[in-house]
Amino acid sequence: MGEVPDSGDASGGRRRLRPVAASRPAPTDEDLLLEVARGDQQAYEELFDRVAGRVFGVVRRVVRDPAQSEEVAQEVLTEVWRTATRFDPDRGSANTWILTMAHRRAIDRVRSEQASRDRTDRVGSGQHQRDFDMVAEEVEVAFEHQQVRAALATLTELQREAVELAYYQGHTYREVAELLDTPLGTIKTRMRDGLIRLRDAIGVTA
């Protein structure tokens, strides 16, 4: 309590002193945080107004992205409300406690985003590898077909006719012989000679 003189009366009489309420010091962040721990919502709102800008600044310096920074800052301020009971003024200031929390949350977000990007890259890389393998296989098959076609061109007409009936149309040697009206032994000889020539043309080693 304190006293201040009033302006007195106009007649020059004795001045009277009247009591005035002493101005109360503003609560510190620690005071507010302790009140928040007791569930005081008004204290939380005042603390929120004081530290929101600082929290956002710390988060923004780590996260960079403005939208994500706002999201993380909101999470931090919510966490302050939920975990205020864990604050111990003997172990540090309220400001340090809150901003440490903000920095930790920001680091967690950066790590989470990086892990998400790494997973996406791995999936993309795996898909790329599968695509590459499929293309390589198709090229290899196409090349083999080309080799076979080129090798067939090196056969005599009779050899090629017998080989195509047997290996491309699925006929047995006997059926090939009947279709070509040729003795079975002759067909077997043509087939043997034709396959030897095909093997040499393709470059297959025994």
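This is a predicted model: local features need pLDDT of at least 70, side-chain atom pairs count only at pLDDT 80 or more; totals for chains, interfaces and linings use all residues.
Okay, let's start at valine 36: setting aside neighbours within four places in sequence, this residue is in contact with Ala43, Tyr44, Leu47, Val80, Trp81 and Ala84, where contact means heavy atoms within 4.5 Å. Residues are numbered from 1 along each chain as its sequence is written, and side-chain values use heavy atoms, with hydrogens and water left out.

Now the overall layout. The protein has seven helices and two strands, in the order β-β-α-α-α-α-α-α-α along the sequence. Those are DSSP runs numbered from the N terminus, with helices being H or I of at least four residues and strands E of at least two.

Back to the helices. How do α1 and α2 cross? The axes of α1 (residues 29-37) and α2 (residues 41-63) come within 9 Å and cross at roughly 130°; axes here are lines fitted to C-alpha atoms, for helices over the stretch in contact, and angles run from 0 to 180 degrees between N-to-C directions. That makes α1 oblique to α2, because under 35 degrees counts as roughly parallel, over 145 as roughly antiparallel, 65 to 115 as roughly perpendicular, and the rest as oblique. On the α1 side, the contact is made by Asp29, Leu32, Leu33, Glu35 and Val36, and on the α2 side by Ala43, Tyr44, Glu46, Leu47, Arg50 and Arg54.

So what's in the middle? The largest nonpolar core has 24 residues, and Leu33, Val36, Leu47, Val55 and Val59 have the most contacts inside it. By core I mean a set of buried Ala, Val, Leu, Ile, Met, Phe, Trp, Tyr and Cys residues joined through side-chain atoms within 4.5 Å. Buried is under 20% relative accessible area, exposed is over 50%, and partly exposed is in between, with a 1.4 Å probe and protein chains only. Two or more residues each come from α1, α2, α3 (66-83) and α4 (94-152), and α2 gives the most, with eight. There's also a second, separate core of 13 residues, including Leu155, Leu180, Ile187 and Leu198.

Alanine 102 counts as buried, at 0% relative accessibility. Neighbours within four places aside, alanine 102 is in contact with Val55, Val58, Val59 and Val76. Alanine 102 and leucine 77 are 25 residues apart in sequence and 8.5 Å apart in space, C-alpha to C-alpha.
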